[in-house]
Structure formats: C-alpha cells, structure tokens
Amino acid sequence: MKKSTIVYLMVVSLAVALAFGTFTAHAWTPDEQALLDKAKEIASDNAGVWSLEEAAKPYRGVTLKILADAATEADAPQNYDSEFIKMTGIKVLWEQNPWDEHRSKMFMDFAAGTGIYDLVWVPFDDMASVTGKGYVQPVDKFMLNPKLLDPNINLDDYSEALWKYTSWYGKPAKPYGFPCENPTMILWYRKDLFDNPTEKANFKKTYRYELQVPKNFEQYNHIAEFFTRKKGERLAGEVLDRDFYGVGQSGKRHWASVCEWMNLASTWGGPTWGGTLDENDDVVINRPENVEALEYWISLFRFSPPGSVDWYWDLKSTAFQKNIVAMALAWNDQSYEIEDPEKSEVAGKMGYDLIPIQKYPVSHFGSWSWTIPTKAKNPDAAWLYLQWVNSRDIALKCALEGAMPSRKYVFDSPEISAIPFMPATKKALDHAFPRPVHRPEWGEMGEILALYLTKAHRMEMTAQEALDKVAVEWQRLLGTSIVHPPKT
Amino acid sequence: MKKTKVLTSRRQFIEIGLLSVAAFIVFLEVAPFLWIVLMSFKSRLDIFEIPPKLIFNPILDNYYNAFVEGPFSKYLINSLIIDSSSTALAILIGTLAAYAFSRFKIWGGKQIFFYILTTRMCPPVVVALPLFMIYSKLKLYDTHIGVILIHTIFNLALVIWLMRGFFDEIPQEIDQAAMIDGHSEWTIFRKFIFPLVLPGIVVSAMFCLVFSWNEFLFALILTQFDATTLPVGVPQLVTSRGTYWGQVAAVGVVITLPVLIFAVTFHRYLIRGLTFGAIKT
Amino acid sequence: MGLLIPSFGQDKEKTVLKRKYTGYLLLLPTLALLAFLSLVPFIYAFNLSLRDLNLRIPRLAGQFVGVDNFRYLMREDSEFWHSMGITVLFLVVVVSIEFVAGFALALLLNREFKGKRIVVSLAVIPMMIAPVAVGLMWRVALNYELGIVTYLLKSIGIPMKEALLGTSATALATLMVIDIWQWTPFIFLIILAGLHSLPKEPYEAAQVDGASKWKIFRLVTLPLLKPLIIIALLLRVIDAFKTFDQVYILTGGGPGNATDLVCMFAYRTNFKIWNLGYGAAVVLVIFLVILIVTAFFYAVTQKKEEEVV
C-alpha cells in the first residue's frame with residue numbers, strides 16, 4: 001500500500017467516524033422508552049418509601065439457586081451475599097462452571113424444565129434462543145411492580161448498545177435482565193517496547209514514520225513485522241534468549257478465532273452483526289471486504305508465534321505473561337491477569353488502546369445476561385437479588401475486586417478509571433458491535449465459521465473459497481439469501 | 001567351560017539390553033506424571049519456564065488454594081463416598097448376576113448377557129439428557145445416591161463380564177459335591193465359591209474404582225452443589241480469565257493417589273486375579 | 001447375537017440347581033437397575049431421533065419427521081462419515097500399537113526382581129489419572145512456545161516448524177500418542193497377569209522337544225493367552241471408539257476437522273448446537289457401528305482359533 005493510500009484511508013476513516021460517530025444506530029424505540037420512563041416514574045414514587053427489608057418480607061427463608069459462569073464477575077458478588085442474606089433472610093447459593101459445562105447444564109435444565117435455578121447467567125450467543133423458546137421470563141413485570149422496584153435502580157447507567165444487545169429480546173423487545181459479564185475487545189501492546197528510544201529510532205529508519213500505537217492495520221502489520229525477532233537478536237537492548245513475535249493471534253478451531261477475526265471484517269466492511277449478515281439477515285459473510293480482511297489476518301500469522309495456530313484466549317494471555325509477544329487484539333477482562341505481577345512478567349509494561357481502524361471504528365463485545373427462568377420457583381425473590389446485586393453500590397465493590405463493570409457510574413468512579421485498561425474499555429464500548437446473536441441459529445453458524453477460518457489459515461482453501469463455503473452453509477441454516485453469490 | 005562363560009555373558013548382555021528397553025518404556029509411562037508432580041509445586045511463571053526448571057522454589061500454594069481455600073476437599077470427600085459405594089454396589093450386584101449366568105439356566109440368557117455388554121458400548125452422550133430428566137423428576141439430581149447409581153450401572157457390565165469368567169473357572173464338581181452334602185445354595189456360594197473368586201473381586205473392584213473415580217460427564221450433568229466429584233471440579237479451574245495450571249496439577253496428583261495406593265496394596269491379587277480365570281492348567 | 005460372549009472355561013452342561021428361579025432372583029437387581037437407567041434413556045433417545053428438536057431454535061420444537069434424520073445422516077452428512085473414517089483409523093493404529101507395546105513390556109517384565117511391585121504400579125499410573133486433569137496437563141506440555149514437549153523434541157534435534165496440535169497430520173498423531181501412552185498399561189497389566197498364571201507343563205514338554213524360543217512363544221504362549229488377548233483387545237476397541245475427553249480438551253476436533261472423532265462430533269451436535277433430534281440419530285448410528293465392529297472383530301478372532309486348532 002502506498003503512502004497516499006494510507007493518507008486516503010485515514011481521511012476516509014476519519015470521515016466515517018465523524019459521520020457515524022459511535023455505534024448508536026440502535027436507540028430505544030418508543031415502546032422501549034415508554035417502559036423505561038414508566039419504571040423511572042415508579043422508582044421516583046418509591047423513593048424514601050421502599051426498602052429492601054420490607055419488600056423481602058414475604059420471601060424470608062427462601063433459598064435462591066444461581067447458575068453462573070466460572071468468572072471473577074461471579075466470584076466477586078459472593079463476598080457480599082451475606083449483606084443481602086442479613087437484610088432479607090433470603091439465602092443465596094451459587095453454582096459455577098466454565099463456559100462449555102455451564103451451557104450444557106443450562107440447556108439441560110431449561111429443556112427439562114426443572115425449576116432448580118432461580119437465576120441463570122445466559123451467554124450472549126444463547127439469549128435469542130432461550131428467550132425465543134420461552135425458557136426465561138421478561139423482567140418488565142418486576143420493573144413495573146411498585147412493591148418490587150428499588151428507587152435507586154438507576155437504569156440510565158447502562159449504555160444502550162450494551163444493555164440492549166445483552167438483555168432486550170423478542171418483538172417488541174422486552175428486557176430479560178442485566179449484563180453480568182461484558183468483555184470487549186481492545187488492543188494490547190507492549191508500551192515499554194513502543195517507548196524504547198532504540199526501537200523507535202530503528203522503526204523510523206525502516207518505515208519512515210514514528211513508532212506509535214497503530215491507528216490502522218497497515219501500521220499494525222508494520223509493527224508486527226518490526227518486532228518479530230529471532231533468538232539471539234536484540235530487543236530493547238537485551239539479547240533475546242528465545243524467539244519474539246510482533247503479534248499474537250488465535251488460530252484454534254474455537255470461538256476465539258471467530259471473535260478476533262470479526263473485528264477485522266467489521267472494520268474493513270462495516271460492523272453490522274460483525275460483518276456477517278446485513279439488516280435483513282441476508283448473508284454477507286463472503287463480501288469482498290471480508291475476503292480481504294481474512295487474507296490480511298492469515299498473512300499476519302507470519303509474525304505470530306508458530307504455535308498460535310492452536311491458540312485460544314488463554315494461551316494468548318499466557319504468551320504475553322511470558323513476554324514473547326508485542327501486540328494483540330484481546331479481551332479487556334483478561335488484562336487483569338496480564339497486570340498481575342505474580343503471574344505476569346510484563347505487569348506494568350502494557351499499554352491498551354482502541355483496535356486500529358481500517359475503515360470503521362470497531363470493538364467486538366460479547367456479554368452475558370442475568371435471567372430469571374420461566375420455571376423458577378422464586379421469581380420475585382430472584383428479582384430482588386438481581387436488583388440488589390446490580391445496584392451501584394455492590395457493582396462498584398465487585399468491580400474493585402476485578403469484575404468488569406457495565407454501569408457508567410462504576411466506569412466513571414476514580415478507583416476504576418485509574419486501572420490501566422479501563423479508559424480504553426470505556427471508549428471501546430462506544431464502538432461495540434455484537435455478533436449476530438439475534439439469530440438462534442448463530443450457535444451453529446459460529447461453529448461453521450470457526451471451522452472454515454482454520455481451514456483458510458491452514459491453507460487448505462483460499463479465503464474466498466472458505467467464506468463462500470460458510471455463506472452457502474449459513475444460507476442452508478437461515479433460509480435467507482446470499483448477497484454476493486459464490487461464483488462456483 | 002570357556003564356551004559357556006561366553007554364552008552367559010552374551011546372554012547377560014541381551015538380558016541387560018532388554019531390561020533397559022523395559023525400563024525406558026516404564027520411564028516414558030511415568031515421566032509425564034512426575035512432571036505433573038513437579039508442576040503442582042511451581043508458581044505460574046515457573047510452570048511456563050523454558051527450558052524447564054528442575055530446581056525451583058517449591059511452593060504449596062497450589063495445594064492450599066485448591067484444598068483449603070477452594071472446594072476441593074469437599075469434592076474429595078464426595079468422590080470417596082460415591083466411588084467406594086458405587087464400587088461396592090457394582091461388585092455386589094454384578095457378582096450375583098455373574099453367578100447366575102455361570103451356574104443357572106436362564107431363559108434368553110445369551111441375549112440378556114449380550115444386552116448387558118451393550119451398556120458398556122454405549123457412548124455416555126446417548127443417555128445424558130434423558131438421565132438428567134429422569135433424575136430431576138425422581139429427586140435424584142445432585143444426590144450422592146444418584147451418582148452412585150449411575151456409576152454402578154456403567155461398571156456393572158465390566159463386573160459381570162469379568163466375574164463370569166471366574167465363576168466358569170471353578171469346576172462344577174465343587175457345587176455338586178456340596179449339594180450332595182446337603183448344603184443350601186447360599187452356603188455353597190458363601191463357603192465354597194466365594195473364597196475362590198476373591199482375587200477376581202479385587203481386580204473387578206480395582207477397575208470399577210478407576211473408572212468411577214475418573215468419570216466426568218455423568219458426574220457433571222447430574223450434580224450441582226452437594227454431590228460434585230473431583231473430576232468435575234477440575235474444569236472449574238479453567239476460568240474466562242485464565243487457567244490455574246498449578247491447581248490443576250495439584251488436584252491431578254491428589255486424584256491419582258488413592259487409586260495408586262489401592263494398586264500397590266493389592267498388587268498381588270491384581271496380578272493373580274487379572275487372569276480372569278481364563279487360563280487352564 | 002451370542003457372538004460376543006466369551007467362551008472361556010469348559011462348555012460343560014450347567015449344574016441345574018434345584019430351585020430354578022434362584023437364577024432369575026440373582027439377576028433381578030442388575031436387570032432392574034439397567035432397565036431403569038439404561039433402557040429407558042435408550043428408548044427416549046430413539047424417540048428423539050425420529051423428531052426435529054433443537055433447543056436453540058424455536059421453530060424446531062420436536063415435530064415427528066420419521067427417518068429423515070437417519071436418511072440425511074446416511075446419505076448427505078459427509079462430515080459425519082469423515083469423523084467415522086478417522087475414528088476407525090485412530091482405533092486401528094492405537095489399539096495395535098498398544099497391543100504390541102503392552103505385550104512386549106509384559107514379556108520383558110515377566111520375571112522376579114526387587115521392587116517389581118513398585119515398577120508395575122508406577123507403569124499403570126497413566127490409566128489411573130483422571131482424563132480431564134491429564135488433558136489439561138497435555139495442553140501445557142504441548143504448548144508450542146512454552147511447553148516441555150516441543151522443547152524436548154527440539155533439543156534432540158527434531159525440527160519443529162509447527163505446533164504439534166496445529167497441523168492436521170500431527171494433531172491426530174499427537175492424540176494417538178497420548179492414547180497409546182495412557183492405555184498401553186491396560187494391555188500390559190492384563191497380559192502380565194496372564195503370563196503369571198501360565199501353567200508350567202506345556203513349556204517343559206516343549207523344551208524337551210528342543211523347540212526354539214520363538215516357536216514356544218507362538219505355539220504355546222500365544223494360544224494359552226488367547227482368551228485374555230481377546231478380552232483386552234475388545235475392551236480397548238470399544239473404549240477407543242468412545243474416545244472423547246482428550247479430543248474435547250486438546251483440539252476440540254480441529255485443526256479443521258482433522259481430529260473430529262465421532263464422539264466429539266456427537267457431543268458438538270448434541271451439546272453445542274443442541275440439535276437433539278439429529279444428535280440422537282448420530283449417537284444411535286455410532287452405537288450401531290460399535291456393535292457391528294465389535295461383533296465382526298470377535299467373529300474374526302473366533303475363526304482364527306478354529307484354523308489354529
């Protein structure tokens with residue numbers, strides 16, 4: 001790419017950024033706004049009158065069972081449950097499992113309709129299914145019930161994109177809960193290396209511009225190339241005792257590769273549903289921009305550790321912790337582990353910023369939602385807990401223990417904004433785009449995409465062939481049409 | 001005289017060669033386990049050190065975090081209760097059934113025996129979902145007895161298969177003689193047959209224990225808080241933030257110990273009993 | 001149907017004890033348990049396999065579709081048959097290597113020496129560690145940049161351009177090696193036990209005849225061990241077919257679908273995509289194939305026995 005092209009691209013991207021601004025094309029509809037207004041009204045009526053102790057009286061002695069992910073977001077509240085128990089006399093029991101096992105238990109429980117759980121954490125990708133199947137219940141009835149609504153619920157705290165894609169489903173959309181775990185993708189880079197004078201000088205010599213946080217993927221590619229070194233060469237003045245790489249990518253047949261690549265597809269060709277479907281749910285996964293983005297992603301593996309063809313997110317952060325990679329697109333919530341000096345050799349040496357922009361500013365996010373199952377035995381008590389655990393006060397306490405915030409109030413608090421990666425996270429949320437989670441078929445669609453992404457970077461087929469194949473298989477699942485029909 | 005000496009030394013040479021091959025294979029089998037043991041005493045940064053550190057500052061944090069701070073001591077107790085009971089139950093029921101197959105005329109016996117074997121061929125995914133539904137209807141979900149039952153069942157086929165071999169091995173004349181002496185069926189079994197099949201029981205128990213101790217899928221989907229077993233706890237160490245490798249290693253070591261102790265203790269029986277009564281003199 | 005029944009021991013007429021129903025009485029607990037927790041779920045799965053049920057997609061709510069699922073599976077699902085193919089490949093390779101290695105080790109250690117008890121107990125460790133824990137350990141060991149396996153292979157001079165789990169051929173081979181590591185002890189233990197209980201007389205006779213060691217092994221040891229060998233191999237074939245834990249933890253079926261063994265395929269269909277109707281059909285077909293393969297295998301070994309005799 002010539003320099004003029006870069007300038008051109010930068011101008012275009014700036015213009016686009018100004019034109020579309022943030023990902024706010026999804027404002028509340030009048031119905032939704034009416035519901036929110038009504039809830040606010042009730043909340044203000046309740047101010048000074050309502051108390052949790054009083055509201056919980058009918059449910060004293062009840063035990064709530066919660067099915068949650070094995071994540072810090074679920075560990076943190078458990079430290080404060082005793083406060084809730086003391087105030088309400090409602091007991092709380094948590095069961096936590098990692099993602100796959102969690103999903104198995106969740107669907108089995110829903111299918112059997114046992115009513116064992118009163119609250120369930122539902123992954124982003126399953127919200128359309130569990131709401132569509134009626135496994136969980138909308139919470140608007142609780143929000144409009146004066147007996148149950150906490151005046152300090154502060155619904156304005158949730159950014160629209162985040163809350164809407166996380167918890168509002170159905171036609172017309174209804175809220176099913178609140179975000180409980182909301183990772184967003186940001187750029188990780190080794191600030192110490194980027195700031196190193198020798199490296200800066202060398203970089204300038206080769207590429208004729210300053211070494212800085214990459215603003216687009218041309219620069220990203222340069223920097224990745226620049227920092228890829230062999231054992232024995234020097235890096236920031238030190239002789240390397242092992243190979244070092246410019247970038248760390250996830251190539252495993254796993255959602256990790258899907259989520260990572262989707263950022264590229266979105267910034268190349270626009271972020272609607274991660275560049276997979278258009279507004280009518282017609283398949284655009286094989287559009288020319290995506291093919292280009294996939295070719296780019298594959299070419300970048302030259303500067304990524306050879307083992308990264310088998311990485312998912314955990315190994316990516318391990319590679320940072322062990323100081324063998326300079327940059328990556330990664331989940332913000334894993335940054336905690338990178339900044340932990342007990343586990344990481346690069347704690348304090350990291351920088352975080354927005355994902356470079358090819359054309360559109362993007363950040364892929366995936367969120368989980370609290371939900372109350374339709375068969376739950378104690379829905380009212382469950383709502384009271386849900387409301388309490390998401391209150392500003394508890395949310396802030398949890399965030400201080402390492403739970404990723406979702407409320408603006410928490411993001412803006414001085415303690416939280418002082419955490420190195422939080423400013424980048426907050427900015428990223430403005431450009432956050434979801435994957436096509438509104439389609440219940442997405443689970444299978446994602447599996448197919450993961451398979452063909454690995455086939456493409458394994459060079460078993462070209463980028464075009466791989467994405468064409470995905471398009472055809474998706475069409476079979478969705479029954480919609482393909483915007484760019486495959487040529488063969 | 002000289003000739004034999006040469007021969008002996010050559011034979012010794014081959015002998016040593018063969019033994020070192022054996023030693024090498026055994027080493028290959030054991031080495032990964034030793035590596036896990038080492039790993040369980042390492043910090044996260046030491047675990048990923050290349051070249052691997054053989055000398056490092058050993059820490060007990062992984063054990064402490066898993067078993068004292070974490071829930072693994074509870075899981076360990078659950079595993080002990082569930083696996084010993086299910087083993088006992090499988091042996092009891094399975095031995096009776098095997099005795100029946102060996103000594104009694106059963107209508108459709110071959111077919112029934114075959115049916116029992118098929119339960120072992122069945123991939124666990126086949127029955128996972130329906131079992132969950134049955135369990136939640138019958139209130140067996142998340143109970144010790146529930147897991148005991150399912151572990152008993154998947155071990156049953158193996159027990160019956162092995163034990164039938166042992167019973168077949170025992171000459172029918174023993175029964176007949178005892179019967180002529182006027183002993184009851186129960187006495188015949190208890191006094192004459194049972195002592196002869198004891199090694200078989202030890203072996204079968206050993207296999208049941210191994211399979212039950214390590215079983216994952218059923219224990220995962222059928223438990224929740226109260227009856228969670230050790231293997232089910234392991235993936236909980238893989239969190240969205242990262243994996244606690246050290247704790248995985250620590251739990252891995254602890255999981256192995258009871259079975260290992262059992263194997264060393266009953267070593268003699270194991271070797272003898274494993275013949276399944278299959279070889280005749 | 002009776003093919004699978006091991007026929008060790010003499011096939012004497014059974015002593016028919018006086019009260020005929022005792023036999024049924026003894027069988028009752030087994031049958032009750034099995035009916036309750038194996039037959040019922042099986043019927044349930046069969047019923048599901050005739051329906052279109054997907055827990056994630058509202059429109060697929062369990063409509064009866066006859067044998068459509070089976071028809072699609074048999075005729076159109078090339079991914080499934082790919083899985084079946086590599087599973088058979090996997091099984092043939094691992095079971096034969098495990099058999100040879102386990103047998104060799106048993107022959108080598110079939111002597112008395114100090115510390116034998118410890119050595120034998122140590123050698124069988126791999127089959128005793130929980131597969132979930134082992135799988136995760138292998139993940140660490142096989143990490144390309146930071147794992148010990150790559151490091152060791154490199155330091156003995158094997159060029160390692162790619163991660164072992166990163167290319168189709170090496171990923172499957174790696175899973176095979178792990179399986180072999182884990183289950184060779186199983187064969188070893190059974191064969192060793194067999195060797196211990198071999199009668200002395202046939203050997204003495206053979207020695208008097210001046211037969212060579214190889215000949216003794218082939219004509220005396222092998223035939224005597226045969227029933228044991230059949231059982232050991234059968235159990236391994238069945239279990240190799242069911243291989244799941246390691247695939248699940250190490251590769252998830254990838255790269256591409258290079259390690260997508262049938263049980264992984266079935267797991268994904270059922271528990272990731274939640275296509276339960278089709279998933280039930282998949283699982284029943286797998287079950288059927290295991291049945292047929294085992295029966296076939298058993299028939300072949302039976303036949304050979306007749307030839308030897």
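Which residues of helix α5 of chain A are buried? Before I answer, please note that this is a predicted model. The helix spans residues 81–88, and its buried residues are Asp81(A), Phe84(A) and Thr88(A). Viewed down the axis of α5(A), these residues fall within an arc of 60 degrees, so they line one face of the helix. As a reminder, an α-helix has 3.6 residues a turn, so residues three or four places apart point the same way. The face turned away from the buried side of α5(A) carries Ser82(A) and Lys86(A), which are exposed.

What covers the buried residues of α5(A)? The cover includes α3 (52–56), α4 (72–78), β2 (91–97) and α17 (379–389), which belong to chain A. Just after the helix comes Gly89(A), with a positive phi of about 75 degrees.

I turn next to the nonpolar cores. The largest one comprises 328 residues, and the members that touch the most others are Tyr385(A) and Ala133(C). The element that gives the most to this core is helix α7 of chain B, residues 144–169, with 16 residues. Apart from this core lies another, of six residues, including Ala395(A), Cys398(A), Ala403(A) and Met404(A). Leaving aside residues up to four places away in sequence, Tyr385(A) touches Leu64(A), Phe84(A), Ile90(A), Val92(A) and Leu119(A). Phe84(A), one of these, is also one of the buried residues of α5(A).

At the level of the whole chain, the domain assignment divides chain A into domain 1 (30–182 + 367–419) and domain 2 (185–364). The centres of these two domains of chain A, taken over C-alpha atoms, are separated by 34 Å.

Chain B has 13 helices and two strands. Its radius of gyration is 24 Å, whereas a compact globule of 281 residues would have a value near 19 Å. Along the principal axes, the C-alpha atoms of chain B fill a box of roughly 80 × 75 × 30 Å. Of the 281 residues in chain B, 55% are buried. Among contacts in chain B with a separation of 6 or more, 81% join residues 24 or more positions apart.

Now to the interfaces. Chain B contributes 84 residues and chain C contributes 83 residues to the contact between them. On the side of chain B that touches chain C, 60 residues are nonpolar, 14 polar and 10 charged. The contact of chain C with chain A takes 24 residues from chain C and 30 residues from chain A. There, the side of chain C consists of 11 nonpolar, seven polar and six charged residues.

Finally, some remarks on backbone geometry. Most residues other than glycine have a negative phi, and most peptide bonds are trans. Trp273(A) has a positive phi, near 50 degrees, and sits in the loop between α13 (255–269) and α14 (288–300) of chain A. Is Trp273(A) buried or exposed? Trp273(A) is buried, because 22 other C-beta atoms lie within 10 Å, and the cut-off for a buried residue is 20 or more.

Trp274(C) likewise has a positive phi, near 60 degrees, and is located in the loop between α11 (262–271) and α12 (276–308) of chain C. Trp274(C) counts as buried, with 26 C-beta neighbours inside 10 Å. Lastly, the peptide bond from Lys171(A) to Pro172(A) is cis, with omega near -5 degrees. Pro172(A) lies in the loop between β5 (168–169) and β6 (174–175) of chain A.

Note on methods: Residues numbered from 1 in each chain as written. Chains lettered and ligands numbered in written order. Predicted model: local features only at pLDDT ≥ 70, side-chain atom pairs only at ≥ 80, totals over all residues. Contact = placed C-beta atoms within 7 Å. Nonpolar A, V, L, I, M, F, W, Y, C, P; charged D, E, K, R; others polar. Helix = DSSP H or I, 4+ residues; strand = E, 2+ residues; numbered from the N terminus. Rg over C-alpha atoms; globule rule 2.2 N^0.38 Å. Buried ≥ 20, exposed ≤ 12 C-beta atoms within 10 Å, placed from the backbone. Core = buried A, V, L, I, M, F, W, Y, C linked by C-beta atoms within 7 Å. Arc of directions from axis to C-beta. Domains from an automatic or database assignment.
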